Amino acid sequence: MIKLINVEKIYRTSSIETVALNKVNINIQKGEFVSVMGPSGCGKSTLLNIIGLLDEPTSGTIEIADTPITGYADKKLAYLRNEKLGFIFQSYHLISDLSVLDNVEIPLLYRKGVSGSVRRKLALEALEKVGLNSRTKHFPNQLSGGQRQRVAIARAIVGNPEVLLADEPTGNLDSVMGEEIMNIMLNLNKTEGTTIVMVTHDEYMAGKTERLIRFFDGRQVN
């Protein structure tokens, strides 16, 4: 499902070279729920950006959903992101002047052949999965942090992605709301078979996933 072979990411300026990822080899199977942990600056977010096709490695090979993506043009990468991947961010990234329902529909606007009525149907189904089908007409500033994260999850899954990438999804939430969000992701993994990669600083949340990958100074240490 996700395979990284000898992946390196090096940032260079005229005076300094920073190795963000150093010879990383990871193989994540379809349907796995994997967490990634490590201190700040260890390469976790860089890893997630590369898996999410938002950044390119300096060297190495990447396969996403069994598709080698080395050398793909930007248009093809954008298509794969929209069709295969869903993204959940710590800060939600909802559009404040759009309703909950309109926020969830956004990824489907970039899919050819999806009518407005189908977009609405799929968005309502996604919101029902996260328990927010009664908040469709609300706006983000009318919701709690936990509710906003649930909207973000609904937006991430509305296109039925094969892989869900979550960057500190419980980081801005208290323990109760964090538990709710984690349970939603666990349910998606178990009932829908969605492959999930989650970056987190929370040992407790990481302990709920099937596998933990630790990073230190750009290297995978387990």
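Q: Does Glu168 count as buried or exposed, and at what relative accessibility?

A: Buried means under 20% relative accessible area, exposed over 50%, and partly exposed in between, with a 1.4 Å probe and protein chains only. Glu168 counts as buried because its relative accessibility is 10%. Glu168 is placed in the loop between strand S7 (163-167) and helix H6 (175-192). Its phi is positive, about 50 degrees, although Glu168 is not a glycine.

Q: On what basis are such values given?

A: This is a predicted model, in which local features need pLDDT of at least 70, side-chain atom pairs count only at pLDDT 80 or more, and totals for chains, interfaces and linings use all residues. Residues are numbered from 1 along each chain as its sequence is written, and side-chain values use heavy atoms, with hydrogens and water left out.

Q: How many helices and strands does the chain have?

A: Helices (H or I, at least four residues) and strands (E, at least two) are DSSP runs, numbered from the N terminus. Here the secondary structure comes to seven helices and ten strands. The UniProt record, an unreviewed entry, annotates residues 2-221 as "domain: ABC transporter"; UniProt positions are given in the numbering used here, feature names are shortened, and annotations may be inferred rather than shown by experiment. Over residues 2-221 the chain is 34% helix and 27% strand, with the end C-alpha atoms 18 Å apart.

Q: What is the strand order in the open sheet of four strands?

A: Two strands pair if DSSP finds at least two bridges between them. The order is S2-S1-S4-S5, with antiparallel pairing. Strand S2 (17-28) and strand S5 (67-68) are the edge strands, each pairing on one side only.

Q: Which bridges join the neighbouring strands, and how many are there?

A: S1 and S2 pair over eight bridges and form a hairpin with four residues between them; Val7 stands opposite Val24 in S2. S1 also pairs with S4 in the antiparallel sense, over five bridges, and the partner of Glu8 in S4 is Ser59. Strand S4 (residues 59-64) pairs with S5 over two bridges, where Ile64 has Thr67 as its bridge partner.

Q: Where does helix H1 lie relative to these strands?

A: Axes are lines fitted to C-alpha atoms, for helices over the stretch in contact, and angles run from 0 to 180 degrees between N-to-C directions. Helix H1 (residues 44-51) lies across strand S1 (2-12), S2 and S4, running at about 120 degrees to S1.

Q: Why is H1 described as largely enclosed by the rest of the structure?

A: Six of the eight residues of H1 are buried, so the helix is largely enclosed. The buried residues are Lys44, Thr46, Leu47, Leu48, Ile50 and Ile51. Just after H1, Leu53 takes a positive phi of about 60 degrees.

Q: What does the side chain of Arg150 reach?

A: A polar contact is a pair of N or O atoms within 3.5 Å; within protein, one must be able to donate a hydrogen and the other to accept it, and residues adjacent in sequence count only if both atoms are side-chain atoms. The side chain of Arg150 reaches the backbone oxygen of Gly131 at 3.5 Å. Arg150 lies in helix H5 (residues 145-157) and is buried, with a relative accessible area of 15%. Not counting residues up to four places away in sequence, Arg150 touches Val130, Gly131, Leu132, Glu180, Ile181 and Ile184.

Conventions: Contact = heavy atoms within 4.5 Å.
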